[in-house]
Amino acid sequence: MALIKNVGKAVLGLAVLIGSIGKFAPHLFFDLPFPFSVILWVTTGNSMPMYFMPDAWKEDEIDSWMKDGDLVVATGVKSGTTFMLYCTHQIRTKGTDLDDELFPDVSLATPWMDLKQSRTGSWAEQKDRYNDTVLSNGRKLKEYWDNPAFPFRIFKSHYAPPELPVRKKGGKKIKYLAMARNGLDVAASMTNFYSSHTDEFRKVWGGFPPDISGEDHAADEPPAAVKDMLPTGPMAEIYFGYVKKWWAFRNDPNVIMLHYADVRKDLKGHVSKIAKFLEVDLNQNELDVVTKRCGIEHMKSLPDKFAYKMPLNLDKGLWDSEKDTIVKTGAMVNTGEVGKGKAKFHPKVVEQWRKAEEDMLGDDPDLLNWARNGGKY
């Protein structure tokens, strides 16, 4: 009996210790091997992905650093984020930055303000360094994202309302570009995306996202990335939550809500539509130039621009802010086919996803149809 009591005390003590770490120093879990690092992170109440943080967008904070006319490209995960960041940059420069001197890397010119760049990073400690950090070329980071030549700044986010204060009363006049994509196509892209991250990035975040390149995507069981996105998965919010939240704001005057399939079908028409929303007048020649530069083929010719740096990282020995990148070179710009998810996965997986869509979005048939196919809403 004494042994059992001692074991019980030890287990209880361990549980209390893990709970305390999860509350006060959860970054310590990232020194453990995957998947234990993530299991302990999630089971102690921390959200996924662990490097997302919404603090920059809080109502009492956003006006302290945003300007009137700024654009937040708040697209869904794997729904054309890099595509839209680069395209809106082309629109604001009217295609004149032909050598992309103002766009050395997507993270420098169009920073991701809800990215935690260090294990113990916070918006409070990163905020000032966006202005003060000097890069190895001697230029301030701010010169790229807050260049006086820009008519407006562009910032990346994967959040939706209420984390983004779209209907905030008073304060800075901010515009939001949201874009969703067919869920199966997102899932298909996620299976590649997990394995596209560099080992350096995984080392910072406890082995996440895992390299799942060896998985059989044609198997009748969902791959790991798809399981994570299903309603019971730890990342269900990044698709189902995103679509449902933005749907209610689709007609707000400071929001343009797009569907990836529609943009791919008519790129020039959508470049014109986005430019109008951003109050940028493009003549016919400028529209032609910008449309070409927004195209996937042009972006694929610039792989070094889209590897995503973390210039504010402070994890010495884990990350080299000058050379390390979040994803492997060329991984962020693929063919981006519409409908590839249905063709990629086993029919059982396709059916499982269809059922999940109906369970999560089926209360609104218009939303369900739009999320799957795009078109007018």
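Here is a short tour, starting with a sheet and moving on to charged pairs and a surface patch.

Before you click: this is a predicted model, where local features need pLDDT of at least 70 and side-chain atom pairs count only at pLDDT 80 or more, while totals for chains, interfaces and linings use all residues. Residues are numbered from 1 along each chain as its sequence is written, and side-chain values use heavy atoms, leaving out hydrogens and water.

**Stop 1: the sheet.** Find the open sheet of four strands, with order S2-S1-S3-S4 and parallel pairing. Its edge strands are S2 (154–156) and S4 (255–259), each pairing on one side only. Strands here are DSSP runs of E, at least two residues, and helices are runs of H or I, at least four, numbered from the N terminus; two strands pair if DSSP finds at least two bridges between them.

**Stop 2: S3 and S4.** Select 175–180, which is strand S3; S3 and S4 pair in the parallel sense over five bridges. Which residue in S4 is the bridge partner of Ala178? That's Met257, while Met179 has Leu258 as its partner in S4.

Now show the side chains of S4. In a regular strand the side chains alternate between the two faces of the sheet. Here Val255, Met257 and His259 point one way, Ile256 and Leu258 the other, and all are buried (under 20% relative accessible area; exposed is over 50%, partly exposed in between, with a 1.4 Å probe and protein chains only).

Stop 3: Select Arg167 and Asp252: they form a salt bridge, with the closest N and O atoms 2.7 Å apart (the rule is a side-chain nitrogen of Lys or Arg within 4 Å of a carboxyl oxygen of Asp or Glu). Arg167 sits in the loop between S2 and S3, and Asp252 in the loop between H10 and S4, 85 residues apart. Buried or exposed? Asp252 is buried at 13% relative accessible area, whereas Arg167 is partly exposed at 47%.

**Stop 4: a charged network.** Next, pick Lys67, Asp70, Lys142, Asp146 and Arg153, which a network of salt bridges links. Within this group, the Arg153 and Asp146 side chains meet at 3.0 Å, N to O. Arg153 is buried, with a relative accessible area of 5%, and Asp146 is buried too, at 15%.

**Stop 5: a pair within one helix.** Jump to helix H8 (residues 199–204), where Arg202 and Asp199 are three residues apart, so about one helical turn separates them. Their side chains meet in a salt bridge (3.2 Å, N to O).
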